[in-house]
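Good morning, and thank you for joining.

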Amino acid sequence: MILSGMKLEELENLMSGLGATRFRAKQIHNWIYTKSVSSIEEMTNLSKDFREKLSEIASVTDIKIKVKQVSKDGTIKYLVEYPDGECVETVLMRFDNRANLTACVSSQVGCAVNCSFCATGKGGFKRNLNYKEIIEQVLVIQRDTGLKVTNIVFMGQGEPLLNLDNVLKAIEIFNNDFQIGARRITISTSGIIPGIEKLAELDMQSTLAISLHAPGHELRKEIMPIESKYPITDLKKALKNYIEKTGRRITVEYILIHGFNDTPAAAKELAYFLKDLKCNINLIPYNSVIENDYKKPSNNDIMKFKYLLEHSGKKVTVRLERGADIDAACGQLRGKQR
Ligand code: SAH
Ligand code: SF4
């Protein structure tokens, strides 16, 4: 039996089965989610006899760190392996001027959406991660660094809204067991409309980020096959409904690819498209992926694009590139060693 991923009530049931008090469950819960130990042996406020008894039927985790890489900017990328041999990548980002520690987690092994600019899609889709496999990625980071993660972004491998039940269960555990509030969690999606509708119904309080990447149907279709299934005009309706139901501002993500979607005309079209949507805009200069020959725009073009959007009254940020030297930046996760 694996203890990571168990809620307090589940631990309490386990303890009562072993004839131990509820207080033991609380202690174990703390060892798992706050102190983040790797073994029962390390739970030193439990008696040695009890630790041995518990070790006979349970262990803390069954996943392994296969590779760990540290970037010169402090970003750490882990390739974690599950018992069936499948691997995903998870990334810890630190920013000098912020106290936050942000974990970028994967929700699937591979991805079926297959956007042209992304390394994850290239390997095709393997399987969904269950909620325990999702939260284990954050525990891996906490165990390895001895630090507590404060923010979570579902921006690793996979499309979170195509594995929504597990993502929602993981968020519940992040809220209740890790004590990471809903507002410190962001879900990024390529625009899966039924998933957005479900989140609107649930009145979700986490941030929804939409990978828009183009201002209109024709351009978007060229880089995101999902545009044929969920066209941008329908997507906009779903987003408006989401904003109305939840009262939350969304984030619009927009990759800037040189000569493709970074022109002043594209900026104006985008500003017009977003005019009546309550959103912030996050520009992501394209990160290189070997399978294609897109290029990132010059800094001058990035700033010009940003200026044109700001002119329309929106808050616009340019995403800081993290971990590009270890292939840990957006779109570079492929879930295997190269
Ligand atoms: N599948 C989800 C979440 C994972 S990707 C989604 O697509 O939203 C996280 C972000 O990185 C998305 O906005 C994605 O479009 C972006 N991304 C993918 N490939 C990229 C690349 N090569 N350069 C920059 N950003 C990229
Ligand atoms: Fe999948 Fe997101 Fe990559 Fe597109 S960008 S292939 S949706 S992980």
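In this predicted model, the largest nonpolar core has 101 residues, of which Leu3, Ile28, Met43, Phe154, Phe174 and Ile250 touch the most other members. Such a core is a set of buried Ala, Val, Leu, Ile, Met, Phe, Trp, Tyr and Cys residues joined through side-chain atoms within 4.5 Å; buried means under 20% relative accessible area, with a 1.4 Å probe and protein chains only. With seven residues, helix H5 (131-145) gives the most to this core; helices are DSSP runs of H or I, at least four residues, and strands are runs of E, at least two, numbered from the N terminus. Domain 1 (8-55) and domain 2 (64-326), bounds taken from an automatic or database assignment, each supply at least three residues to this core.

A separate core of eight residues includes Val91, Met93, Ala328 and Leu333.

On conventions: residues are numbered from 1 along each chain as written, and chains are lettered from A and ligands numbered from 1 in written order. Local features need pLDDT of at least 70 and side-chain atom pairs 80 or more, while totals for chains, interfaces and linings use all residues; side-chain values use heavy atoms, without hydrogens or water.

Turning to helix H7 (193-202), its buried residues are Ile193, Gly195, Ile196, Leu199 and Ala200. Down the axis they fall within an arc of 160°, so they line one face of the helix, the arc being that of directions from the axis to the C-beta atoms. After H7 comes Asp203, with a positive phi near 55°.

Notes: Buried < 20%, exposed > 50% of the residue type's maximum accessible area, 1.4 Å probe, protein only.
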